[in-house]
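Hello,

Here is the structure I promised to pass on to you. Have a look at it first, and then read on for what I found in it.

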Amino acid sequence: RPPRSTLFPYTTLFRSSMATPEDLERVVAASVASGRIDAMRAGEFAGILRKAFDEAGDEVIRCFSTEAKVLAERSIYDAAQGAVFRPDRIVSFPDGSTSVIDYKFTSEPRPSHRAQVLNYISLLRQMGYEDISGYLWYPELRLTIKV
């Protein structure tokens with residue numbers, strides 16, 4: 001298994017607290033104030049994410065649009081599998097389309113990441129969503145993969 005990012009302990013904050021890229025500084029400052037992010041690492045974390053957003057493709061930026069309805073870190077129970085799944089971000093757009101995006105803070109993409117997003121897409125279809133796109137976003141690698 002490839003090593004996780006050194007920023008991995010802080011990624012949950014990113015997953016659950018970021019509404020738009022403009023929220024980055026606020027989220028980091030609040031997380032330092034609450035003790036959830038080490039002040040010594042906050043600048044590094046913010047810098048990596050700022051660069052990642054700056055270089056992200058339109059697919060990622062669209063998933064952080066203020067015009068979209070976002071469900072971040074919401075559980076989906078699949079009775080057939082007897083398991084709970086939690087996509088990082090499900091985004092419903094005014095045009096009726098939906099995107100599911102999963103952030104990965106790993107040193108390289110893995111086939112299991114793709115399988116995970118394909119499962120999320122399948123679950124969303126079962127829930128009645130129709131026009132669904134799936135993405136893997138590797139902020140540290142500055143890589144977006146359409147699934």
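Below is a short tour, from the chain as a whole down to a few single residues.

Please keep in mind that this is a predicted model.

The chain as a whole

There are five helices and seven strands in the chain. Starting at the N terminus, the elements come in the order α-α-α-α-β-β-β-β-β-α-β-β. The chain has 147 residues, and 45% of them are buried. If you take the contacts with a separation of 6 or more, 58% of them join residues 24 or more positions apart.

The nonpolar cores

The largest nonpolar core has 21 residues. Which of them touch the most other members? They are Val28, Val60, Cys63, Phe64, Ile101, Tyr103 and Trp137. At least two residues of this core come from each of the helices α2 (24-33) and α3 (39-55), and the strands β5 (98-103) and β6 (132-138) also supply at least two each. The biggest share is that of α3, which gives six residues. A separate core of 14 residues lies apart from this one, and its members include Leu71, Val117, Tyr120 and Val147. As a general point, nonpolar side chains in soluble globular proteins tend to be buried together.

How α2 and α3 pack

These two helices are worth a look on your screen. The axes of α2 and α3 are 10 Å apart, and the angle between the helices is about 160 degrees. An angle over 145 degrees counts as roughly antiparallel, so α2 is roughly antiparallel to α3. Their crossing is right-handed. On the α2 side, the residues that meet α3 are Leu24, Glu25, Val28 and Val32. On the α3 side, they are Ala39, Ala42, Phe45, Ala46, Leu49 and Arg50. Sorted by class, this contact holds eight nonpolar and two charged residues, with no polar ones.

Is Tyr103 buried or exposed? Its relative accessibility is 0%, so Tyr103 counts as buried. Tyr103 and Tyr138 are 35 residues apart along the chain, yet 5.9 Å separates their C-alpha atoms.

Which residues does His113 contact, leaving aside its neighbours within four places in sequence? They are Lys104, Thr106, Glu108, Leu136 and Tyr138. With a relative accessible area of 3%, His113 is buried.

Two residues with positive phi

Most residues other than glycine have a negative phi. Glu73 is not a glycine, yet its phi is positive, near 55 degrees. You will find Glu73 in the loop between β1 (69-72) and β2 (76-78). Its relative accessibility is 22%, so Glu73 counts as partly exposed.

Arg142 is not a glycine either, and its phi is positive at about 55 degrees. Where is Arg142? Arg142 lies in the loop between β6 and β7 (143-146). With 34% relative accessibility, Arg142 counts as partly exposed.

Enjoy looking around, and write back with any questions.

Best wishes

How values were computed: Residues numbered from 1 in each chain as written. Predicted model: local features only at pLDDT ≥ 70, side-chain atom pairs only at ≥ 80, totals over all residues. Heavy atoms only, no water. Core = buried A, V, L, I, M, F, W, Y, C linked by side-chain atoms within 4.5 Å. Buried < 20%, exposed > 50% of the residue type's maximum accessible area, 1.4 Å probe, protein only. Helix = DSSP H or I, 4+ residues; strand = E, 2+ residues; numbered from the N terminus. Axes fitted to C-alpha atoms, helices over the stretch in contact; angles between N-to-C directions. Parallel < 35°, antiparallel > 145°, perpendicular 65-115°, else oblique. Left-handed = near helix turned anticlockwise from the far one by under 90°. Contact = heavy atoms within 4.5 Å. Nonpolar A, V, L, I, M, F, W, Y, C, P; charged D, E, K, R; others polar.
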